[in-house]
Every structure is written in C-alpha cells, then in structure tokens.
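Dear colleague,

I am handing over the structure below, and my notes on it follow. Please read them alongside the coordinates.

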Amino acid sequence: MPSVSQSVRVKVLFFGRLKEIAGLTQDSIDLPAEADIESLFAHYANRYPQLRQYRSSLVASCNQEFTPWTTVLHADDEVAFLPPVSGG
C-alpha cells in the first residue's frame with residue numbers, strides 16, 4: 001500500500017516591515033507533517049527573498065507564545081513572525 005503524505009494547515013501572521021515585504025498581513029499554508037517554524041520561514045523567504053535579511057533578528061511565536069524555530073507545527077497552529085521593536 002502506498003504511503004499517504006500528511007500535511008497540516010497553519011495560519012501565518014506578518015508584522016512590521018515583514019508585512020510590507022510580503023504584501024500580506026496573514027496567510028494560510030499547507031505544510032508537510034513534521035514541518036517546523038524554520039522551514040515555514042524558509043518557504044516565505046524563497047517566495048520573498050528580501051525577508052532573509054531579517055531572519056537573524058526575528059522572533060517567532062506559535063499560538064501567541066514565543067517559541068524556538070525548531071518547534072514542529074500542527075494543524076491549525078498560528079505562527080507569527082515578529083521583527084525587532086524599537087522605541088524610546
């Protein structure tokens with residue numbers, strides 16, 4: 001019997017300069033099962049190469065909690081990419 005490829009749909013939120021680059025405030029995407037936040041970001045960085053320059057300073061959250069980039073995603077997760085915030 002052939003193996004069936006599993007996928008998960010996640011919601012992605014972009015903030016600050018990232019939403020300007022992507023032209024999106026949010027998106028939904030189907031990912032392979034076991035995909036992590038890093039691979040999710042890589043997908044968008046391939047689509048919008050200018051995002052790559054922000055990777056080292058971004059923070060990721062999953063379901064409104066800051067989380068490591070190695071976090072494996074599950075169906076209906078909400079991932080946000082947050083650029084650094086400056087202010088006084």
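Is Arg9 buried, partly exposed or exposed? With a relative accessible area of 43%, Arg9 is partly exposed (buried means under 20% relative accessible area, exposed over 50%, and partly exposed in between, with a 1.4 Å probe and protein chains only).

This is a predicted model, in which local features need pLDDT of at least 70 and side-chain atom pairs count only at pLDDT 80 or more, while totals for chains, interfaces and linings use all residues. Residues are numbered from 1 along each chain as its sequence is written, and side-chain values use heavy atoms, with hydrogens and water left out.

The structure holds five salt bridges (a side-chain nitrogen of Lys or Arg within 4 Å of a carboxyl oxygen of Asp or Glu). In one of them Arg9 pairs with Asp30, the closest N and O atoms being 3.1 Å apart; since Asp30 lies in strand 2 and Arg9 in strand 1, the pair ties together parts that are 21 residues apart in sequence (strands are DSSP runs of E, at least two residues, and helices runs of H or I, at least four, numbered from the N terminus). Another joins Asp27 and Arg47 at 3.7 Å, N to O, and it links strand 2 to helix 2; Asp27 counts as buried at 19% relative accessibility, whereas Arg47, at 44%, counts as partly exposed.

As for the sheet, five strands form an open, mixed arrangement in the order 2-1-5-3-4, where two strands pair if DSSP finds at least two bridges between them. Strand 1 and strand 5 pair in the parallel sense over four bridges, whereas strand 3 and strand 5 pair in the antiparallel sense, over four bridges.

Best regards
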